[in-house]
Amino acid sequence: MTPKKYSKKTAKKIHQNRRKTYFFRRKVVLIFLIIALIGTGLYLRQSVSYYYALYFNKFKHKKLRNSEIEALRIQKILSNNLDKTYGFDISHYQNREDISWDSLSIGNKTIPLEFVVMRATMGNRSADKHFNEFWTQAKKHNLIRGAYHFYRADEDPVIQANNFLENVKLESGDLPPILDIEKIPKRKTNQKLIEDLKVWCRIVEETYGEKPIIYTYYHYYKDFLKDEFNDYPLWLANYNDVPTPSPDDGWDFWQFTENGIVYGINTKVDLNIYNGSSWSLKRLTLD
């Protein structure tokens, strides 16, 4: 068969069409590869983040130390309460980059931390600058969360309650609201202080349907609050060499040191014991 002959013009046109088809196919393949690459990246983003952190953004753990007396006191408390549940509390005093949320433990990595309490608000208007980020991280890492309001004794209890409610949105599985009272009023009587604290508690309780947890130091509770909040969960701070935070009062939480050394946190933090098992602690949380 005689080969078909083309004119120069026809041959050029055929060449141009083949060239267009070739580049069109390359574009289609390129678009497909880009879509596949993006899809793979989205699917593997958690793994990519993990390996990036592993090799390029390593958490450098500082070697924190306590005095021998404090270290022995903490060790004794841990040894005597191995059947209980441990947690920590934080605020803007801890830097965000100082916390590696993936693995938080104490006791030479033998005791996991299962709950975290964080400062949310202070007084009439103030809010903790790290609260929202800490709150999100705690949920992401399956820690039981608690939020507390630092009560300013001379300020208005209604405004303070509203400040807490505007900034904190508790969910199912979170601890009840927490009221932190540590200061004596300068412009109010102690009796007025008690009345105001009950106003704050009543407003918050009406919102969440649960009595707030009362946090204070042991001696403050003994001198000012005892018998006024008997049916409220009690969180006592006592940093002395004692077997329990109170010799004669029931307690739910014990903040036993402000010098806690936690694997995964590069600053000292307050450490807490919940007086029960993790199952019992979950029963205390909001429905």
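User: What makes H6 and H7 partners in contact?

Analyst: Contact means heavy atoms within 4.5 Å. Asn190, Leu193, Ile194 and Leu197 of H6 meet Tyr220, Phe224 and Leu225 of H7. These residues comprise six nonpolar, one polar and no charged, where Ala, Val, Leu, Ile, Met, Phe, Trp, Tyr, Cys and Pro count as nonpolar, Asp, Glu, Lys and Arg as charged, and the others, Gly among them, as polar. This is a predicted model, in which local features need pLDDT of at least 70 and side-chain atom pairs count only at pLDDT 80 or more, while totals for chains, interfaces and linings use all residues. Residues are numbered from 1 along each chain as its sequence is written, and side-chain values use heavy atoms, with hydrogens and water left out.

User: Why are H6 and H7 called roughly perpendicular?

Analyst: The axes of H6 (residues 190–208) and H7 (residues 218–225) cross at roughly 105° and come within 11 Å. Angles of 65 to 115 degrees count as roughly perpendicular, so H6 and H7 are roughly perpendicular to each other.

User: Which residues score under 50 in pLDDT, the predictor's confidence in each residue, from 0 to 100?

Analyst: Residues 46–55 stay under 50, and the model has three contacts beyond four places in sequence for them. The protein chain averages 89, with 86% of the residues scoring at least 70.

User: What lines the second largest pocket?

Analyst: Its lining has 21 residues, with Leu64, Gly107, Asn108, Ile261 and Val262 nearest the centre. H3 gives the most, four residues. By class, the lining has nine nonpolar, eight polar and four charged residues.

Terms used
Axes are lines fitted to C-alpha atoms, for helices over the stretch in contact, and angles run from 0 to 180 degrees between N-to-C directions. Helices (H or I, at least four residues) and strands (E, at least two) are DSSP runs, numbered from the N terminus. Angles under 35 degrees count as roughly parallel, over 145 as roughly antiparallel, 65 to 115 as roughly perpendicular and the rest as oblique. On a 1 Å grid over the protein atoms alone, a cavity is a set of points where a 1.4 Å probe fits but cannot get out, and a pocket is an open set with protein on both sides within 12 Å along at least five of seven lines; lining residues have an atom within 4 Å of a point.
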